[in-house]
Amino acid sequence: MRFSQIFLPTLKESPSDAEVISHKLMTRAGMIRKVAAGIYNYLPLGLKVIRKVENIVREEMNRAGAQEVFMPMVIPSELWQESGRWNAYGKELLRIKDRHERDFCLGPTHEEVITDMVRREVRSYRELPRNLYQIQTKFRDEIRPRFGLMRGREFIMKDAYSFHATEEDAEREYQNMYDTYCRIFERCGLKFRAVEAETGAIGGKFSHEFMVLADTGEDAIASCNKCNYAANVEKAEIKIQGSGVRGLPPQALNGGQKPAPAGFKQGSEEKPLEKVSTPGMKSVEEVSGFLRTTPQKLIKTLIYHSDKGVVAALVRGDYEINESKLKKLLDAEWLNLADEETVRRTTNAPSGFAGPVGLNITMFADYSIQAVINGVTGANEADAHLINVNLNRDFKIDGFGDLRMVVSGDSCPRCADGNLEIFRGIEVGHVFKLGTKYSEAMNATFLNEKGQERPMIMGCYGIGIGRIAAASIEQNHDENGIIWPIPLAPFQAHLIPINVNDKATMDAAETVSKNLTDAGLDVLMDDRDERAGIKFNDADLIGIPVRLTIGSKTLKEGSVELKMRKSPEINLIKLDKVVEKISAIMRPAR
């Protein structure tokens with residue numbers, strides 16, 4: 001391909017709305033152009049990368065035994081109403097009407113459509129298992145689309161769905177897809193971790209996210225420094241050790257008992273409860289500074305509204321509540337921080353002054369507050385706090401649990417001596433064990449070997465195609481531009497003749513280009529009549545793995561300059577060795 005012919009509008013400056021490096025570089029390198037918020041055109045260079053990702057995904061999914069299908073993006077509301085998600089999914093679901101005023105949506109995911117497809121065709125356990133996948137455009141009406149392809153509204157996704165007769169077979173396929181995803185991301189040249197995760201709006205029993213490690217990642221992941229344990233911070237567990245605290249056996253909501261947190265110390269004397277004035281002091285930092293104490297002495301009381309009613313959640317002042325854990329403890333369908341009116345009605349005070357003493361609602365607490373003696377809480381009164389607050393003497397708790405976000409340095413919940421470290425990551429894949437959530441709701445059943453009707457057991461497996469491309473750039477770039485891993489590069493070699501007006505130079509360039517192409521390599525030749533500096537800058541920006549420079553000086557020696565994009569080193573190679581050399585470089589990735 002000639003540079004003069006390809007539609008490749010590079011830019012010197014980044015767009016003003018670009019926040020992360022992948023968005024900046026994909027725009028500057030002429031890969032994408034914004035159409036509307038979170039909606040992009042893929043230009044030739046960008047589409048070549050997308051197709052590289054799709055081919056890797058397709059090859060590995062086929063290798064794993066899955067079969068490709070293609071489902072509509074426009075979905076009738078009836079299917080979503082059957083599953084119960086028409087109202088539950090929220091405003092991210094873009095609802096539309098056709099000319100007959102019938103309700104449809106643009107598919108953000110396809111559990112309903114695939115379940116309907118399979119229930120119409122599969123009758124017997126002999127027809128199971130099935131794993132069907134597609135690579136297709138999705139639409140989620142994100143409230144704040146950003147980061148280019150990493151959080152767009154319209155995006156390309158590989159979504160697969162498996163159907164099984166037994167739990168054992170569903171577990172087998174989950175592991176099969178887990179292993180397949182590892183191969184996909186390894187082939188894409190990504191540094192990643194598979195982490196335990198929440199199931200979110202998809203639902204199901206458990207899941208793993210595949211995270212590309214990058215400082216600009218939206219998600220935080222906790223990873224043990226001694227074992228393989230890793231989890232999204234929303235899912236990451238706290239290690240619990242020892243037995244009850246101060247004579248109180250901590251009761252979990254489900255009636256089970258949990259021991260005290262690691263590091264708990266007994267033995268402090270309880271002081272008399274006292275109310276103090278804290279005018280305008282609401283945050284942990286403000287209150288602890290004003291009262292000359294530490295955040296560890298504070299007990300935060302947060303009021304939540306859920307389908308289980310209004311509840312209070314307590315956590316030590318230096319920690320943050322993990323709403324996913326609280327929702328699970330409550331077994332709630334939905335959970336939100338209470339609005340100001342609900343807080344005032346519940347506590348008789350504005351937000352920032354809630355406390356457990358005298359609060360007449362159900363209260364749940366993180367294990368961390370069991371270690372707080374003579375603590376500080378809101379007084380349920382404007383501009384006032386209580387000091388010397390003690391559990392059991394001054395207030396009671398309805399249930400304890402692991403309700404806080406993990407922090408760096410927490411003990412690993414899986415191994416004996418590991419500690420958790422916090423990293424940033426970009427989610428590029430997610431595997432779910434759905435169970436019978438959709439098959440029961442939509443009556444997708446089969447007859448087992450005894451002739452009994454049973455709901456199919458399902459799995460769900462998604463990969464963000466565009467996200468892989470963006471995440472790769474987040475991991476592989478420098479101050480000059482992109483550094484593509486060989487498997488994802490839009491071209492394999494970037495050929496730069498220095499003087500396009502010199503016949504000998506262009507003849508050599510044409511010969512090298514043809515020889516590389518004939519060897520099955522994809523070449524971009526910069527045939528523009530531009531200064532060498534402009535060509536080199538564009539080459540660094542685009543990030544093709546190998547740069548070959550042909551100039552009159554080296555040509556007299558029968559050589560060309562070879563430079564790898566990821567290295568500053570420049571080497572001379574003979575013209576008759578170019579194909580052999582480039583082929584050897586590319587061979588591991590082909």
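1. Helices (H or I, at least four residues) and strands (E, at least two) are DSSP runs, numbered from the N terminus. The model is predicted: local features need pLDDT of at least 70 and side-chain atom pairs count only at pLDDT 80 or more, while totals for chains, interfaces and linings use all residues. Residues are numbered from 1 along each chain as its sequence is written, and side-chain values use heavy atoms, with hydrogens and water left out.

2. G152 lies in the loop that links β7 (130-139) with β8 (154-164). Its relative accessibility is 10%, so G152 counts as buried (under 20% relative accessible area, with a 1.4 Å probe and protein chains only). Apart from neighbours within four places in sequence, G152 contacts G38, R140, E142 and R146 (contact: heavy atoms within 4.5 Å).

3. Helix α1 (residues 21-28) and helix α11 (residues 465-475) have axes that come within 8 Å and cross at roughly 105 degrees; axes are lines fitted to C-alpha atoms, for helices over the stretch in contact, and angles run from 0 to 180 degrees between N-to-C directions. The two helices are therefore roughly perpendicular (65 to 115 degrees). I21, S22, L25 and M26 of α1 meet A469, A470, I473 and E474 of α11.

4. β13, β19 and β18 form, in that order, an open three-stranded sheet with antiparallel pairing (strands pair if DSSP finds at least two bridges between them). Because β13 (274-277) and β18 (375-378) each have a single partner strand, they stand at the edges, and one side of each lacks a neighbour in the sheet. Four bridges connect β13 with β19 (residues 384-389), and S277 has A384 of β19 as its bridge partner.

Key
Buried means under 20% relative accessible area, exposed over 50%, partly exposed in between (1.4 Å probe, protein chains only). Angles under 35 degrees count as roughly parallel, over 145 as roughly antiparallel, 65 to 115 as roughly perpendicular and the rest as oblique.
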